[in-house]
Amino acid sequence: MVPDRCLSLGAVSQCPSVDSPGHCNNNTNLPQTSHSETRSALRSRIIAGRLDSHYPKVCGHQGNVLDIKWNPFFENVIASCSEDTSVRVWEIPEGGLRRNMTEAVLELYGHSRRVGLIEWHPTSSGILFSAGYDYKILIWNLETGEPVKMIDCHTDVILSMSFNTDGSLLATSCKDKKLRVIEPRSGRVLQQASYKNHRVNRVVFLGNMKRLLTTGVSRWNTRQIAFWDQEDLSMPIVEEDIDGLSGLLFPFYDADTHMLYLAGKGDGNIRYFEITTEKPYIQYLMEFRSPAPQKGLGVMPKLGLDVAACEVYRFYKLVTLKGLIEPISMIVPRRSDTYQEDIYPMTAGTEPALSASEWLSGIDRDPVLMSLKDGYHRPNQLVFKAPVKEKKSVVVNGIDLLENVPPRTENELLRMFFRQQDELRRLKEELTTKDVRIRQLELELNNLKNVSPKDV
């Protein structure tokens, strides 16, 4: 969650080095381990830094920005959603921002209340999902700039969304305490769970294991995680209590290494677990500790990791008390300088497996994989093309979503208020005039009734 109307897109390479004075340096030296112990020997590295207060920002929204996501196939395209009920797609110029950006390449309106979540489809280049406080999920086709489907099976605010590997299934957690597995193209709920012993807050698909992991609260108000079979949500396969703190637990899963990272809002630590398909399913390994509490966390895509340093995961930790964003690197200590294939298997690359129209037609494909051995080279053949929008209405499932869209800014609200006041005043005057005319007609009618036939 990003409680600001602007997005700051600073370069990590501009942060001070680890050994700069006045910044946090947390290196834990671990001994060289065997392959079987690799996952339990992660080393955490922090590089802290501040951006200049005048650093250019993306400032197009009229309300607080609630979520942002980089496009997995176009490295300079970012989507954001806001309290102003809009979803916007931005194209960052080559070399980064040189001045504040206020014009988005796409402005998407369809929600009647603020939009809290957005997710890019994992294999299709032009499909974006948004979830609003109107309890609806809209599927946007960015090739046309219009919504193509509305999922309205939820009865309260949607808390999280997660796709399986090929994007054919969508899992959601909701404030109505229900966990759902949805077929997104039809909007049909395939599985639904409302388990009293585990109130779900966040959900994540565990790669291609056909398993789900949720974070939530037990009936005794302890934080816990639960492991589910996506085809049977009658009850979790296993539950594990974490602690008695009150902050939300955010799950981050790395399908390449089968590692689960748990970070709590307001906590200073990040726990690591290994996920398997056999008992005990969830194996605790160790944790990273920091005295600074985190308000939120972002993640660097696999293609941006430092392979030479055996970096397997990188967080961006928001520390509001210090006004900092701290990159935290998870590193497997290895003495060899050669490429470590055991911790860098083939991973999802930057080439989409499907176009938006192909996915909407019912086709599903696994991600196009690539190796990190030769480093990451940006594909030049992919160019994001925003459609030219001319339509004034947005009709999904026979409903015009823009028919009663609320004002998006305070000035729009004031203008609408004064227009309504003028309309009310005009209607009252018209009603008064009609009341006078009705009384006149009633008097004339009574006079006609009182006139005798002789006088006619």
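Modeller: This is a predicted model. Start with one residue: buried means under 20% relative accessible area, and Pro184 has a relative accessible area of 0%, so Pro184 counts as buried.

Colleague: Which residues is Pro184 in contact with, leaving aside neighbours within four places in sequence?

Modeller: Contact means heavy atoms within 4.5 Å. On that basis Pro184 touches Phe129, Ile139, Lys149, Ile151, Gly167, Ser168, Leu169, Leu170 and Trp359. Take Ile139 from that list: Ile139 and Pro184 are 45 residues apart in sequence, and their C-alpha atoms are 8.4 Å apart.

Colleague: What do the totals for the protein say about contacts and burial?

Modeller: Among contacts with a separation of 6 or more, 52% join residues 24 or more positions apart. As for burial, 45% of the 456 residues count as buried. The accessible surface is about 24000 Å², and carbon and sulfur atoms hold 50% of that area.

Colleague: How many helices and strands does the protein have?

Modeller: There are two helices and 30 strands.

Colleague: Which residues does the "coiled-coil region" annotation cover, and what is the chain like there?

Modeller: An unreviewed UniProt entry gives that annotation to residues 424–451. In the model this stretch is 96% helix and 0% strand, with 41 Å between the C-alpha atoms at its ends.

Methods: Residues are numbered from 1 along each chain as its sequence is written. This is a predicted model: local features need pLDDT of at least 70, side-chain atom pairs count only at pLDDT 80 or more; totals for chains, interfaces and linings use all residues. Side-chain values use heavy atoms; hydrogens and water are left out. UniProt positions are given in the numbering used here, feature names are shortened, and annotations may be inferred rather than shown by experiment. Helices (H or I, at least four residues) and strands (E, at least two) are DSSP runs, numbered from the N terminus. Buried means under 20% relative accessible area, exposed over 50%, partly exposed in between (1.4 Å probe, protein chains only). Accessible areas come from the Shrake-Rupley method with a 1.4 Å probe; for residues, only the protein chains shown count as cover.
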